Amino acid sequence: MTISRNDVHYIAHLARLGLTEEEVSHFQVQLEGILRYVDKLKELDISNVEPMAHALDLKNVFRKDEITPSLDPRALMKIAPASQGQFYKVPKVIE
Amino acid sequence: MTYEPVIGLEVHVQLKTATKAFCGCANLFGSKENSHTCPVCLGLPGALPVFNEKALKSGVKVALALNCAVRTFTKFDRKNYYYPDLPKNFQISQYDVPFAQTGSLEIQAREGRRLVKIKRVHLEEDAGKLIHAEDGPYSLVDYNRAGTPLLEIVTEPDLFSPQEAYDYLTDLKLILQYLDVSDCDMEKGTLRCDANVSLRPAASQTLGTKTELKNMNSFKAVKMALDYEIRRQADVLAEGGRILQETLLWDEKKQATHSMRSKEEAHDYRYFPEPDLPPFVMTTSEIEEIRKELPELPEEKRRRFTRDFGLSRKDSETLTASVRLADFFEACVNLSAEPKKTANWLIGPVSFQMNSRNQDITQLRLSPSALMELIDLAETGKISQLAAKDVLQEMLETGEKPSRIVEEKNLGQVSDSSVLKTVIEQVLAAHQKSVADYQSGKENALMFLVGQVMRASGGKANPKTARQLLIERLKP
Amino acid sequence: MNLSSQTITELKEGLKKGSFRTADILASLKTRYESVEEKVRSFARAPFFQEREFRPSGCLEGIPIVIKDNICSEGDLTECCSKVLSGFVSPYNATVVEHLREAGALIMGKANMDEFAFGSSCETSCFYPTRNPWDTSRVPGGSSGGSAACVAADEAVASLGSDTGGSIRQPAALCGVVGMKPTYGRVSRYGLIAFASSLDQIGPLTKDVRDNALLLSVIAGFDKRDSTSAPLPVPDYGKEMEADIRGMKIGIPREYFVEGLDPEVRSCLAEARARLESLGVTFGEVNLPHTPYAVSVYYIVATAEASSNLARFDGVQYGLRATPASSLEPPLIAMYKETRDKGFGAEAKRRMILGTYVLSSGYYDAYYLRASKARRLIKEDFDSVFKEYDLILTPTSPTPAFKLGEKTEDPLSMYLSDIYTISANLAGVPALSLPCGFTKAGLPVGMQVIGPSFGESDIYRLAYQYEQKTPWHKMKPQL
């Protein structure tokens, strides 16, 4: 599996990671190494195996449609990097 | 070349649960920003979702009402993308195993009633709301809506005109209202609709390149946007151009669509099974139990109204266009009202009152028994039809019983011929020409004279008696 | 009176007799902290030595407990040792914190850790690396390195850590303490800042097995706020561990005793086996044939989940927000990228890139889906062994503590230090590490006891009986 610099750029953008060119080179090499290692999974015959998404076999875990207390928005605004009134404030979203 | 539009609709409906999909915060519209939030719906570090059982049940009801196959095994997935209205930067949604699929909805199309194919119905959580500040380079975020249970209902590309799209939406909304699972208010955003549209040469089976239309805030806007987009695509094709697959926003003010380039990056959502939520398994009999709880749906009701009450198709459609009106009608009939007359009253004077007051039937000060009493007074000739409308108006203003109003306002109909004869003499004296017209064979003149008698009696004269007396009086 | 080296059990006894009070315990811990913390650096930030309010009843009444910096406690900084969460004061309590408080415990402070639990050496903390109390040129293991080191260095009575691929057991082994990764679903994850949701479990790190069993009894149990928590009653582990172990059948997996296993670790295990045989336990060689694939499966599943779990750290609601001076990107995206670039360390970025990659369009089937299927094969390996055997015994880590910086430049070699521990997380089964000897250089060696799902009682039983016959847990590092 070869990973191009463009691949790393694309993935970094998907993950919203701003990387320096140096980091891109670094991760390119390391990602390739790790992917080469995990490629050994290709040896396995998994054609008849169901994927396992959960470690515990649970099903139908519900809650009742009953109201529980919400948090105090003033407390939330205290830990917010930027707020206005009770709103979170973010750099302008351009549509 | 002539082209045929092919349309698919993606409808998002907020479910009317008491709480959000994955936490116990109130599912309420219009509260102060961020006041219905908790660690779960804010996606605070460490918080975990637990699914609202009512949301699944409501979803299954909708799916069954849309004739979908409901899966016995379903699960949630994470849809990963960054947007500030999405607190976790992923949305809990359903990807490869929607809880229901392959359904249909019957609509009234040009060529008669037909089934629109529904591809899938799935559950997900809604995002918060972004407000774009006018006064600075920032946006504001309110997460009250974040985590509200949302149903996504996707049709196959199986609608062939903007009118059909409109009809589908109208019928879908009606079904959702009958099921009492959503407010379906496009202005509040509790129902939202995106549309895909492409053109193909008439009679071709191959679909053309589609565009996606967003940001329509009424059914009418959906229709207008589709009309616009179909014309735009046709113009492009006519000039030998190619349609680009893209997302377009409908601009209500300009009545035009424009391209939404900034969001046009690769849609690589990296779906994977939501590890925080174990799957959901329903048995066929559990699904059938829910089916049994389904109320009578609009089309069944229309058919029954036509069949059992002898109503016309059109009257049945009008009465069932609101579940509340239909219920009111049935309440009257259950009190042994005459169905046809009741329907006429509801569709006529009562609907007129609802429209002019902008109220629905439950908001009017009108009970089924009061309406029946009124109809009875009119039908037995105790008051004239004209007076009956005034009585209705008065009932809605005061909440008084009709008989009481008739008594107080002295609106009782006059059938006493001695009283009427005096009135008739006055009318004949004042309208000599009409008398002459009638006597020379103009039947219409009689109608006019009856009307004048009615008018002179303040609407109280029994029109039948008045007519009879006039004919006798004017016999040559 | 020096109380810092005492176990929960001993302290409870003393408190009950009135020999000392909680304030005295805290004072002892403070003295110890002041003398050794500079060398060890177990804590993410200075702990509280003032007596905080505690509930005057329950089985941990007046006992201070340290928790890992990824467990939310209301009103306290909870930063996962990451810059991206700097200043995050949790507005709510994790369920385990509520359980501790109900039992009368005091949350004394937060332990250092690898950033977001990404690491096996406690070197990726944004603050400073924690050092191994037995040799401060070496790592304490990770990611719960601070939780293990503070207990080993007698800066804490006991602690909670979290374990996604060995993050409790490996540092417990490297620091010579007892660490339990319970069955997936045994302990609520509500309030544990997620690394990999399908693998994470909170568990106790303690000076001996009895304390461990006691602490697990307190924190375990169904939680209606965690959909993956098991609706099962919690046994009294402390009581059940005292039962005899004669006749127990233990499997030794061939795949764990292969190349790469340090000879001294191997011989400690052999001695432990002999000791257990003398207690009436029987051993048999077993196969866990898919073991060679575990690291691959783990690094795909865990990073995929992590890439999604960590997406929320974006500068919008809490923690760090960084805005670049200038950028060609739209302002919001520029803020996201700058925040995440400045906020996350290299290992976190590496894992998010790997995790994003394996889920991305075109690669899902080849990586994530394939790994999820292989994961089932690994689980089935355990299922079949546990049909015949009560427990499995393995080394916890292939080597004793390694030097700081030794593996930081080679992520793969660091990942391979979890080779014996990750399978238990993939299968969801419980596993405990306890001291089983020392190398000639005086470094602790740990052995791992793996049980079937919800088989914690049997694990404690074996560990306790072994501990009763061995001196290892009494050994103290010279600091």
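**Close-up 1. Where chain A meets chain B.** In this predicted model, 30 residues of chain A are in contact with 37 residues of chain B. Which element gives the largest share? That is β3(A), with 5 residues.

Close-up 2. Now zoom in on β1(A) and its partner in chain B, strand β2 (residues 51-52). In which sense do β1(A) and this strand pair? They pair in the parallel sense, over 2 bridges. To find the spot, look for A:Phe62, which stands opposite B:Phe51 in β2(B). As a reminder, strands of a sheet pair through backbone hydrogen bonds, either parallel or antiparallel.

**Close-up 3. The open sheet of chain C.** Here you can trace 10 strands in the order β2-β1-β3-β5-β4-β9-β10-β8-β6-β7 of chain C, with mixed pairing. The edge strands are β2 (106-111) and β7 (282-286) of chain C, each of which pairs on one side only. How are neighbouring strands turned against each other? On average the turn is 30 degrees, with direction ignored.

**Close-up 4. One strand pair within that sheet.** Strand β6 (residues 249-253) of chain C runs parallel to strand β8 (residues 391-395) of chain C, and 2 bridges join them. A handy landmark is C:Ile250, which stands opposite C:Leu391 in β8(C).

**Close-up 5. Helices packed on the sheet of chain C.** Helix α4 (residues 145-152) of chain C packs on the sheet, where it touches β1 (64-68), β2, β3 (158-163), β4 (178-181) and β5 (201-206) of chain C. The direction of α4 makes about 155 degrees with that of β3(C). Helix α15 (residues 456-468) of chain C also packs on the sheet, touching β8, β9 (431-438) and β10 (444-450) of chain C. Its direction makes about 15 degrees with that of β9(C).

**Close-up 6. The domains of chain B.** The domain assignment of chain B gives domain 1 (3-289), domain 2 (298-408) and domain 3 (417-473). Taken over C-alpha atoms, the centres of domain 2 and domain 3 of chain B are separated by 31 Å. How many residues does each of these two domains bring to their contact? Domain 2 of chain B brings 4 and domain 3 of chain B brings 5. On the domain 2 side, the residues divide into 2 nonpolar, 2 polar and no charged.

Definitions and conventions. Residues are numbered from 1 along each chain as its sequence is written. Chains are lettered from A and ligands numbered from 1 in the order in which they are written. This is a predicted model: local features need pLDDT of at least 70, side-chain atom pairs count only at pLDDT 80 or more; totals for chains, interfaces and linings use all residues. Two strands pair if DSSP finds at least two bridges between them. Helices (H or I, at least four residues) and strands (E, at least two) are DSSP runs, numbered from the N terminus. Axes are lines fitted to C-alpha atoms, for helices over the stretch in contact, and angles run from 0 to 180 degrees between N-to-C directions. Two residues are in contact if their C-beta atoms, placed from the backbone, lie within 7 Å. Domain bounds come from an automatic or database domain assignment. Ala, Val, Leu, Ile, Met, Phe, Trp, Tyr, Cys and Pro count as nonpolar, Asp, Glu, Lys and Arg as charged, and the others, Gly among them, as polar.
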